[in-house]
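Please consult the sequence and the model shown here.

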Amino acid sequence: MKLRTPRIAPSDITPAEVFFNRRALLAGALATGASSLLKPARAEQPTGPRLQYTHNAQYSVTETPNKYDEITGYNNYYEFGTDKEDPKENARNFKPEPWTVTVDGEAEVKGKFALEDLLKGQALEERIYRFRCVEAWSMVIPWVGFPLSTLLTRFKPTSKAKYVQFTTLYDPKNMPGQRVNVLRWPYVEGLRIDEAMHPLTLMAVGLYGQALPNQDGAPLRLVVPWKYGFKSIKAIAKITFTERQPSTAWNDAAANEYGFYANVNPKVDHPRWSQATERHIGAGFLAARRPTLPFNGYADLVADLYKGMDLRRYF
């Protein structure tokens, strides 16, 4: 499939800082007429101010999204607990604002940036992506965000920048899971620079048309739809451009189970279970498992990134 840049009329573009401004949020001043093709038949509608965005049909699947309470109530987010239901409860009082992101490494533009400054000029769009977890469960999620590439290019990465490392906020006081040595904190993930710059790689700031809930990674999280979910790091507080492949949390913890690339591959099983099929959350306990798609169904867009690589070795 040939990649094409979606044509969006200037009148459809609203700068992100307009609606992400804290005062505007508190005042409820955001517009409610968001442009979206999403009409969930079953999902409970969230309450609160709506983000302003356009719907990107080119990069959206046509499958019915999961219910809002499924997406926000069933999460892997060890900073707030190891059970799927823990994050919704334990992240309740987490404060994702004000927020800053530190940028360093192999880039010309470095420093500490307020979230509002990072979002200036970003045109938000809704993308309905398949989401696949390494534990062999899946969802369909209507993210709202912007291509990661539009943010990274602002920092002018140098020719030495071969990878991008992301680091989650370290705040044991407000992230109770970080008080337990389940992983080496803070959580760290990384991508090759061409993966990070790919048009499918999304920096998400919302879902279901509203700002990200705490348990889903507020205020800023990565979404890489052709990779297992643990690559989509949450609550990003630092971005580092590196020349060498960075260490990552799960790869450090169990390299034989969690590879750096983590591409969805039905032919490469987890050591403790098969990846050939998946259980779709919301389909019912007795529903048949469905076949796992290579690259989570995005092979026509991303397979060329790994041409010539042994995907059993680089899993």
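## Overview

Of the 315 residues in the protein chain, 52% count as buried, where buried means under 20% relative accessible area, exposed over 50% and partly exposed in between, with a 1.4 Å probe and protein chains only. The model is predicted, with local features needing pLDDT of at least 70 and side-chain atom pairs counting only at pLDDT 80 or more, while totals for chains, interfaces and linings use all residues. Residues are numbered from 1 along each chain as its sequence is written, and side-chain values use heavy atoms, leaving out hydrogens and water.

The secondary structure of the protein chain comprises 9 helices and 13 strands; these are DSSP runs numbered from the N terminus, with at least four residues (H or I) for a helix and at least two (E) for a strand. Among contacts in the protein chain with a separation of 6 or more, 72% are between residues 24 or more positions apart. Contact means heavy atoms within 4.5 Å.

## The open sheet

An open sheet is formed by 5 strands in the order β3-β2-β11-β6-β7, with mixed pairing; two strands pair if DSSP finds at least two bridges between them. The edges are held by β3 (111–114) and β7 (188–192), each with a single partner strand, so one side of each has no neighbour in the sheet.

Strand β2 (residues 100–105) is joined to β3 by 4 antiparallel bridges, and the two form a hairpin with 5 residues between them. Within this pairing, T100 has A114 of β3 as its bridge partner. β2 also pairs with strand β11 (residues 236–242), in the parallel sense and over 4 bridges; here D104 stands opposite T240. Strand β6 (residues 163–168) runs antiparallel to β7, joined by 5 bridges, and V164 stands opposite L191.

## A buried glutamate

Which residue of strand β7 is described here? E189 lies in that strand. E189 is buried, with a relative accessible area of 0%. The side chains of E189 and K231 are joined by a polar contact of 2.6 Å, a term for a pair of N or O atoms within 3.5 Å; within protein, one must be able to donate a hydrogen and the other to accept it, and residues adjacent in sequence count only if both atoms are side-chain atoms. Leaving aside neighbours within four places in sequence, the contacts of E189 include V164, Q165 and F166, as well as F230 and T248.
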